[in-house]
Amino acid sequence: KGRSVAVASAAGVALGDLTAMSLSLAGLGALVLTSALLFTVLKWAGAAYLVWLGIKLLRSAPKEGLALPSTEVTPRGVFAHAAAVTALNPKSIAFFIAFVPQFLDASRPLLPQFAILVATFVGLAALNALVYALAADRLRSAIARPRVIAWLTRAGGTALIGMGLLTATLRRAA
């Protein structure tokens, strides 16, 4: 749906990563790792959201011979979805807890170190998401045939449902 949606998607991923990483560094990560209930709530919320997005995407798949789907896709909606999916991923919080301490010097103030790590990770994640989204925008004309779009839409919806189901089967690390 164009560059504005690509940029909104990358910005949503960046906000989601910023939220997850900031909450992890603020202690939510440790709480999630020690609280079975909180982990379960986050896991099921994230899983349900992914399955809902997958079903919504499957329903929007065009039928044979139709043009591009006519579903309303707005930069604001894409931004909100990308931010929510990224921020609610319990694996992100666990990843940040496992990843960040390797780069911290306990003898120095933590806040400046956190700021550098967050800025670096979020900046790289946003750049990565933007490159992929802009590449998809560039390929739009090459894959604009109805059959290709129908196949990609169904594959994307199926992948989201699969990720949601896999998220639902996550077990807490011992």
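Visitor: Before we start, what counts as a helix or a strand here?
Guide: Helices (H or I, at least four residues) and strands (E, at least two) are DSSP runs, and they are numbered from the N terminus. Keep in mind that this is a predicted model.

Visitor: Okay, where is leucine 88 then?
Guide: Leucine 88 is in the loop between α4 and α5 (90-99).

Visitor: What does leucine 88 touch, leaving out residues up to four places away in sequence?
Guide: Leu42 and Gly46. The C-alpha atoms of leucine 88 and glycine 46 are separated by 5.5 Å, though the two are 42 residues apart along the chain.

Visitor: Switching topic: what's the mean pLDDT of the chain?
Guide: The mean is 81, with 88% of the residues at 70 or more.

Visitor: Which elements have the lowest and the highest mean pLDDT?
Guide: Helix α2 (residues 28-34) has the lowest, 67, and helix α4 (residues 75-87) has the highest, 92. Where pLDDT is low, the predicted coordinates should not be read in detail.

Visitor: How many residues does α1 have?
Guide: Helix α1 (residues 3-25) has 23 residues and reaches 32 Å from its first C-alpha to its last, close to the expected 33 Å. Its buried residues include Val5, Asp17 and Met21.

Visitor: What follows α1?
Guide: Glycine 27, with a positive phi near 115°.

Visitor: Last one: which residues form the nonpolar patch on the surface?
Guide: Leu139, Ile143, Trp151 and Leu152, with about 400 Å² of accessible area together. Tryptophan 151 sits in helix α7 (residues 146-168) and is exposed, at 58% relative accessible area.

Conventions:
Residues are numbered from 1 along each chain as its sequence is written. This is a predicted model: local features need pLDDT of at least 70, side-chain atom pairs count only at pLDDT 80 or more; totals for chains, interfaces and linings use all residues. Side-chain values use heavy atoms; hydrogens and water are left out. pLDDT is the predictor's confidence in each residue, from 0 to 100. The expected span of a helix is 1.5 Å times one less than its number of residues. Buried means under 20% relative accessible area, exposed over 50%, partly exposed in between (1.4 Å probe, protein chains only). Patches are made of residues with over 30% relative accessible area and no salt bridge: like charges are joined within 9 Å, nonpolar side chains (Val, Leu, Ile, Met, Phe, Trp, Tyr) within 5 Å. Accessible areas come from the Shrake-Rupley method with a 1.4 Å probe; for residues, only the protein chains shown count as cover. A salt bridge is a side-chain nitrogen of Lys or Arg within 4 Å of a carboxyl oxygen of Asp or Glu. Contact means heavy atoms within 4.5 Å.
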